[in-house]
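Student: I've got a model open on my screen and I'd like to talk it through. Can we take it one question at a time?

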Amino acid sequence: MWTCGISWSRTMSKQCFRNSLFLALSLFLIAATSGNARPGKNTREPLVITSNRMHAEKLGDKVTFTEKVTLKKEGMTLLSDVMIVYYNAGSKDISKVEAHGNVAVRKDGRVAHSNDALYSRREDTIVLTGNASIIENENKIDGEKITLFMADDRSIIEGKGKVMFYKDKSVENRKRK
């Protein structure tokens, strides 16, 4: 939990500064992503990232989140060990997000897993690489590279892969009646 204590010893001051920086950058990222919202029915939710640690290498260009990282955006959740967010300091737009280690993407009852992922905000895609797979119910699709098109709810599987489909139990039960 990120908190600032009342005691202003040297270590507490450093912790409060680090926590304040974390809070400020988190609010900056939320504001940057919500600035692109379109009025009307196409209004988009902000992109929200939570983690146990954050490190800003170049203020205005890149922020690295580590330890239990979660990104939430419009009904989609992306989990990973490390997430690197790249954004334009001038326009405050996020251009891309890299996720590394134990990547999981959850949306609409489907779960995709991989070692690495790259989210492109402009194309609204997530490219999964390294033991990439999609699981829905008991069905599973594996591939070397899987591209998820978030707006269209479709995907492209590339490279050597494997597909396992099981009979839909709800359809099977309707046929028996």
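Student: How many aromatic pairs does the structure hold?

Tutor: Keep in mind that this is a predicted model. For a pair, two ring centres would have to lie within 6.5 Å of each other. On that count, the number of aromatic pairs here is zero.

Student: OK, what about charges over rings: which residue has its charged end over the ring of Tyr86?

Tutor: The cut-off for the charged atom is 6 Å from the ring centre. Over Tyr86 there's a charged end 4.8 Å from the centre of the ring. It belongs to Lys96.

Student: And how far from the ring centre of Phe149 is the charged end of Arg154?

Tutor: Here too the charged end sits over the ring, this time with Arg154 above Phe149. The distance to the centre of the ring is 3.9 Å.

Student: Let's do strands. How many bridges join S3 to S4?

Tutor: S3 covers residues 62-73 and S4 covers residues 76-87, and the two run antiparallel. The strands form a hairpin with two residues between them, and the number of bridges joining them is 10.

Student: Which residue in the turn of that S3 and S4 hairpin has a positive phi?

Tutor: Look at the turn, where two residues separate the strands. The phi to look for there is about 40°. The residue is Glu74.

Student: Moving along, how many residues lie between the strands in the hairpin of S4 and S5?

Tutor: S4 and S5 run antiparallel, joined by nine bridges, and Met83 stands opposite Ala99 in S5. In this hairpin Lys92 takes a positive phi near 60°. The count of residues between the strands is six.

Student: What is the phi of Asp108, in the loop between S5 and S6?

Tutor: S5 and S6 run antiparallel with 10 bridges between them, and His100 stands opposite Asp116 in S6. They form a hairpin with two residues between them, and Asp108 is in the turn. Asp108 is not a glycine, yet its phi is positive, near 50°.

Student: Lys68 has a positive phi too, I see. Is Lys68 buried or exposed?

Tutor: Lys68 lies in strand S3, and its phi is near 55°. Its relative accessible area is 68%. The cut-off for exposed is over 50%, so at 68% Lys68 counts as exposed.

Student: Last topic, the largest pocket. Which strand gives the most residues to its lining?

Tutor: The pocket has a volume of about 320 Å³. Of its 19 lining residues, the closest to the centre are Arg110, Ile134, Glu136, Leu148 and Ser155. Strands S5, S6, S7, S8 and S9 each give two or more residues to the lining. The one that gives the most, with five residues, is S8.

Definitions and conventions. Residues numbered from 1 in each chain as written. Predicted model: local features only at pLDDT ≥ 70, side-chain atom pairs only at ≥ 80, totals over all residues. Heavy atoms only, no water. 1 Å grid on protein atoms, 1.4 Å probe; cavity = no way out; pocket = protein on both sides within 12 Å on 5 of 7 lines; lining within 4 Å. Points joined across faces, edges and corners; volume = space filled by probe spheres on them. Helix = DSSP H or I, 4+ residues; strand = E, 2+ residues; numbered from the N terminus. Phe/Tyr/Trp six-rings, centres within 6.5 Å; stacked < 30°, edge-to-face > 60°. Lys NZ or Arg CZ within 6 Å of the ring centre and 35° of its normal. Pairing = 2+ DSSP bridges. Buried < 20%, exposed > 50% of the residue type's maximum accessible area, 1.4 Å probe, protein only.
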